[in-house]
Amino acid sequence: MKPQLPLLEVNDLKVSYGGIHALKGIDLHIAPGELVALIGSNGAGKTTTLKALAGLLHCTAGKMHYDGSPLHHVPSHQRVSAGLALVPEGRGIFARLSVAENLQMGAYTRSDDGQISADLERMYALFPRLAERRAQLAGTLSGGEQQMVAIARALMSHPQLLMLDEPSMGLAPMMVAKIFETIREVSAQGVSILLVEQNAKLALEAAQRGYVLESGAITLSGEASELLGSDAVQRAYLGA
Amino acid sequence: MDILFQQIVNGLVQGSVYALVALGYTMVYGILGLINFAHGEVVMVGAMVALTVLQILLAAALSSVLAVLCSLMVAVAACMALGYGIERVAYRPLRNAPRLAPLITAIGVSIVLQNLAMMIWGREYHAFPMPFSNGLHELGGAIITDVQIAIVLIALLMMAGLMLLIHRSRFGRSMRAVAENPSAAALMGVDINRVISATFMLGSALAAVAGFMVSANYGIVHYYMGFMLGLKAFTAAVLGGIGNLRGAMLGGVVLGLIESLGAGYIGDLSGGFFGSNYQDVFAFFVLIAVLVFRPSGLLGERVAERA
Ligand SMILES: Nc1ncnc2c1ncn2[C@@H]1O[C@H](COP(=O)(O)OP(=O)(O)OP(=O)(O)O)[C@@H](O)[C@H]1O
Ligand SMILES: [Mg+2]
C-alpha cells in the first residue's frame, strides 16, 4: 500500500514530564501528501506528540526521522526551515501583532520577499475575513478568526508537513466546517498533514489513515474508514 | 520666573539620558521578564571606555571630531560585547530557574563590574575631556549648551531609530514575537537565544551612548556613576510602565522634569529647610508613589490574554 519512503517516521518515542510518562514509546509514520489523524481522549498525549515533533519538548528515548534524516538534535527553530510547521493547541497567535505581522512571522525563515507578498495575498484569498482585518491586532479577533490566523501563519512557512493541534476546539459548527474545508484544500495541494482532534468523526472523515492514542500508547491504527467503522472507536470516541 | 524655563531645559536634557537607559531595562524586561540590575554598570563602563579611548586619541593629536566619534564607537562596541556576555554568563544558565535567582546574579554582576572598574580606573573622579569649546545659547531666558542640544537631538534620533527598528523591521517583529510568546516564536523558526542576545546588545548600545552623554555633560566620570543613574533609569522605566517602550521614553523625560523642577523649587517650598542636594530623593518618591498607586505605570496596560 505504501511503497513511498515516509516523510516522517517515528519509532518508540518516549517523553516524560518529570516522573510522568506522557508517551510510552509510540510508532507512527506519514507518507508524502498523506492526511493522517491522531485521535484520543483528554490527556492521552496528543499535544505531547506534536510538541516533541516540533522540538518544543525533549524526548527521553526513541527515533524521529524526517525526510530520511534524524530529527532529534535539530532545534525547534530549524525544523521550520526543514518543512515542519505546527499550529499549536490554543493557537499561540501573537496577540499584540497585527494580522499581517502574524502572517509575516510565519514566513520568518524565508527570504524570497516577492514570493512572500504573493503568498500573503493567497492567504487573504483563502481567508477573506483576514483580508478585511489585516491591520487589526490579532488579539482582538474572534476565536475562529484567530484559528484562521494560526493556520495561515503556519502555511506561510511553506510546510511539507503541517501539524494541527485541535483546530476545531471552541469553534462554532460553521467555523469548524470552514477550517476542515481549508485542511482538505491544503492536503489536496500535496502538503502532508498530521491532524490531532478530539472530534474523532470529523478527523477520520477527512483523513486517509488514523492512529488512536490512549494513555501515551498507540492502541489502534489503520485506514481512516476502517477506524471509523471499528467497534472500539465507535464506543470510545463516537459515543455509539 | 526664568528659573522655571531653565529647570525645564535641564530636566529635558537629563530626561533624555534617563530615557535611553530606561529603554534598556524595559526591552530586557519585555523579552525575559527580568530586571537587569547590572544595566546601570553598563552605562558606567561605556563612559569609562570612552574616557580612556578619548584620552589616548587626544594625546595622539587626532582631530577632535574623529576622537569623539571613535571613542563613542569603541564604547558602544565594548558595551554591546558586555551586554552579550552578561546575558550569556549570568542569565542564560538561569533561564528556567526561580525568579529570585537571576535577580541575585544581576546584583552580583553589578558588584563585579563596579569593582573591576575600580581596579582599572581607580577610585578617583576623572575629568572627561571634551575637545570642543562648549558654546552657550540663550533660549527664552534659559541657558543651554552645545553638548546639551546634542544630547537631546541624538537621544531623539536614537529613539526614533529604535522605534522604526522594532515596529518596522523583520528583526523588530521577531523581538516582539519572542517577548509575547517565545515557544510560538520558535515554531515560526525564530532562534530565541539570538533574539535575546540581540536585545541585550541593543540596550547596551543605548547605554553606552547615554554614558557618553552624561560624561560630556558633567565633564566627570567615576566608577560609581552607574549605580544612581541605573536606579533612576529603572525608576523611569517603572514610571512609564515596565516592558513598554514608549513608556520608558515618556518615563525618562517625566522623571528628568520632576527631578529638576523639584530641585529648583524645593528650597522655596520647604522654606529653605531642604536644598537642591535633595534632588535624588524625588526619583525614589516617584518610584514609591508609582508602585503604590499605579503599579502598571503611565502607559502600561494590563493586556488580557485571550484564549
Ligand atoms: N507540562 C506538563 N507537566 C506535567 N505533565 C504534563 C505537562 N503537559 C502534559 N502533561 C501530562 O501529560 C499527559 C499528556 O498530555 P497532553 O497534553 O499531551 O494530552 P492531550 O492528548 O493533548 O490532551 P487534550 O486532548 O486534553 O489536549 C497528561 O497526563 C498531562 O497531564
Ligand atoms: Mg492537547
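Which residue of chain B forms a salt bridge with E101(A), and how far apart are the closest N and O atoms? The partner is R176(B), with the closest N and O atoms 2.7 Å apart; a salt bridge is here a side-chain nitrogen of Lys or Arg within 4 Å of a carboxyl oxygen of Asp or Glu. The pair crosses between chains, from helix α6 of chain B to helix α3 (residues 99-106) of chain A. Helices (H or I, at least four residues) and strands (E, at least two) are DSSP runs, numbered from the N terminus.

The model is predicted, with local features requiring pLDDT of at least 70 and side-chain atom pairs counting only at pLDDT 80 or more, while totals for chains, interfaces and linings use all residues. Residues are numbered from 1 along each chain as its sequence is written, chains are lettered from A and ligands numbered from 1 in the order in which they are written, and side-chain values use heavy atoms, without hydrogens and water.

The interface between the two chains was examined next. Contact, defined as heavy atoms within 4.5 Å, involves 26 residues from chain A and 20 residues from chain B. The size of an interface is often given as the accessible area lost when the parts come together. Chain B and chain A bury about 2,200 Å² between them, and 58% of this lies on carbon and sulfur atoms; buried area is the accessible area (1.4 Å probe) that two parts lose on being put together, summed over both. Of the area that chain B buries against chain A, 33% is supplied by E180(B), L187(B) and M188(B), more than by any other three residues.

One salt bridge is found across the interface of chain B and chain A, whereas a search of the whole structure gives 14 salt bridges over all chains. Between chain B and chain A there are five residue pairs in polar contact, both residues being at pLDDT 80 or more. A polar contact is a pair of N or O atoms within 3.5 Å; within protein, one must be able to donate a hydrogen and the other to accept it, and residues adjacent in sequence count only if both atoms are side-chain atoms. On the side of chain B that touches chain A, the elements giving two or more residues are α6 (170-180) and α7 (182-187) of chain B. The largest share of that side, six residues, comes from α6(B). By class, the side of chain B that touches chain A has nine nonpolar, five polar and six charged residues, where Ala, Val, Leu, Ile, Met, Phe, Trp, Tyr, Cys and Pro count as nonpolar, Asp, Glu, Lys and Arg as charged, and the others, Gly among them, as polar.

Chain A contains an open sheet of six strands in the order β6-β7-β8-β3-β9-β10, with mixed pairing; two strands pair if DSSP finds at least two bridges between them. β6 (84-87) and β10 (217-223) of chain A are the edge strands, each pairing on one side only. Neighbouring strands of this sheet are turned by 15° against each other on average, direction ignored. Strand β7 (residues 161-165) of chain A runs parallel to β6(A), to which four bridges join it, and L164(A) in β7(A) stands opposite V87(A).

Helix α7 (residues 173-188) of chain A lies across β3, β7 and β8 of chain A and runs at about 155° to β8(A).

An open sheet of four strands in chain A has the order β2-β1-β4-β5, with antiparallel pairing. β2 (20-30) and β5 of chain A each have a single partner strand, so one side of each is left without a neighbour in the sheet. α1(A) packs on this sheet as well, touching β1, β2 and β4 of chain A, at about 110° to the direction of β1(A). β4(A) and β5(A) form a hairpin with two residues between them, and D67(A) in the turn has a positive phi of about 55°.

Notes. Axes fitted to C-alpha atoms, helices over the stretch in contact; angles between N-to-C directions.
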